[in-house]
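Biologist: Could you take me through one part of this model up close? I'd like to look at the place where the two chains meet.

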2 protein chains.
Amino acid sequence: MIPQHISKLQEKGFRMTQARSSIINLLENTDHPITASSIHKILKRIGVSINITTVYREIEFLLNERIIEKVPLMDNELHYEVTGRPHHHHLFCTSCSSIKDIVLQSEKGLLEEVHDASSYDITRHSLAFFGTCPDCK
Amino acid sequence: MIPQHISKLQEKGFRMTQARSSIINLLENTDHPITASSIHKILKRIGVSINITTVYREIEFLLNERIIEKVPLMDNELHYEVTGRPHHHHLFCTSCSSIKDIVLQSEKGLLEEVHDASSYDITRHSLAFFGTCPDCK
DNA sequence: ATATTAATGCAACTTGTTTGCATTATATAA
DNA sequence: TTATATAATGCAAACAAGTTGCATTAATAT
């Protein structure tokens with residue numbers, strides 16, 4: 001995985017600290033959305049102890065820089081994932097709480113319908129599917 | 001609007017208190033998902049002062065009874081809406097923060113694709129679209 | 001009317017997130 | 001290489017959403 005986000009930030013003149021680079025690297029290597037406290041715990045487990053406040057501030061920063069984005073879930077915690085990976089949506093297993101990415105072909109027609117029916121200028125969308133994964137069946 | 005939810009609860013032997021009936025009536029007459037604190041504030045404004053704790057407990061109760069359901073949004077607050085209304089999804093205006101219902105025809109093919117591609121048993125789904133509404137353009 | 005117990009209100013608590021401020025450390029210039 | 005400016009950080013306190021324990025109130029059945 002090429003750290004394109006890191007070089008992009010450095011070019012813009014932002015400092016590359018251990019907290020920043022380890023949060024970006026973690027998110028780049030995670031294939032599903034995670035929460036602030038997950039980021040904090042995972043980094044601590046691998047020996048990168050950064051303050052939870054810093055995690056929140058870094059998330060805010062990365063959101064502003066469009067390096068990560070929010071993913072809406074059913075619970076009341078905010079989850080995040082890096083932008084720029086192939087467009088996809090999420091599958092939630094209501095049994096084991098796992099989250100899986102899914103790429104869909106048939107969303108194009110859906111978006112056209114939304115645009116035509118609503119007269120909104122749609123800039124983003126989020127599709128989430130809930131059910132039981134093969135392992136839990 | 002026929003208070004079918006209320007009679008259903010009474011048949012099941014639950015008590016019909018002012019808090020319960022006014023929360024149900026409010027949700028039945030709201031065409032978009034709202035939060036616990038919205039419920040609390042709106043009811044207070046119309047002269048129904050119920051404790052915020054009661055609002056949360058009532059929401060839990062109504063979720064259990066499948067009279068309302070959670071709607072996942074981008075913020076970190078939980079929104080709720082009554083079940084049983086025609087199947088629909090949500091449009092969010094990122095300019096004025098309004099939420100609007102939308103009924104979609106083309107989601108059937110989407111669900112088939114999800115099922116075929118994932119081997120999950122899908123029980124629910126949630127589609128959300130973000131953009132600028134006609135009024136804000 | 002009375003009894004049963006579901007529903008409620010209050011206060012305290014937990015958890016997630018934000019803010020103020022003093023300190024640390026990265027990147028740049030001398 | 002050292003000094004400088006200030007971005008980034010940590011800590012503590014504050015804040016907000018949601019939860020819990022417990023004593024009180026009130027809706028329904030008798």
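How many salt bridges does the rule find across the interface of chain B and chain A?

Modeller: Happy to! Please keep in mind that this is a predicted model. Across the interface of chain B and chain A, the rule finds zero salt bridges. What it does find there is twelve residue pairs in polar contact, with both residues at pLDDT 80 or more. On the side of chain B that touches chain A, the elements giving two or more residues are strand S4 (89–93), strand S5 (99–102), helix H5 (107–118) and strand S6 (121–132) of chain B. S6(B) supplies the largest share of that side, with twelve residues. Sorted by kind, the residues on this side of chain B are 22 nonpolar, twelve polar and eight charged.

As for extent, 42 residues of chain B are in contact with 42 residues of chain A. The area buried between the two chains is about 3500 Å², and carbon and sulfur atoms give 65% of that area.

Now follow S6(B) across to its partner. Strand S6 of chain A, residues 121–132, pairs with S6(B) in the antiparallel sense over eleven bridges. One place to look is Leu127(A), whose bridge partner in S6(B) is Leu127(B).

While you have chain A in view, there is also a record to check. An unreviewed UniProt entry places the feature "binding site" at Cys93(A), Cys96(A), Cys133(A) and Cys136(A). These positions span 44 residues in sequence, yet no two of their C-alpha atoms are more than 8.2 Å apart, so they gather at one spot. Of these cysteines, Cys93(A) is found in strand S4 of chain A, residues 89–93.

Terms used: Residues are numbered from 1 along each chain as its sequence is written. Chains are lettered from A and ligands numbered from 1 in the order in which they are written. This is a predicted model: local features need pLDDT of at least 70, side-chain atom pairs count only at pLDDT 80 or more; totals for chains, interfaces and linings use all residues. Side-chain values use heavy atoms; hydrogens and water are left out. Contact means heavy atoms within 4.5 Å. Buried area is the accessible area (1.4 Å probe) that two parts lose on being put together, summed over both. A salt bridge is a side-chain nitrogen of Lys or Arg within 4 Å of a carboxyl oxygen of Asp or Glu. A polar contact is a pair of N or O atoms within 3.5 Å; within protein, one must be able to donate a hydrogen and the other to accept it, and residues adjacent in sequence count only if both atoms are side-chain atoms. Helices (H or I, at least four residues) and strands (E, at least two) are DSSP runs, numbered from the N terminus. Ala, Val, Leu, Ile, Met, Phe, Trp, Tyr, Cys and Pro count as nonpolar, Asp, Glu, Lys and Arg as charged, and the others, Gly among them, as polar. Two strands pair if DSSP finds at least two bridges between them. UniProt positions are given in the numbering used here, feature names are shortened, and annotations may be inferred rather than shown by experiment.
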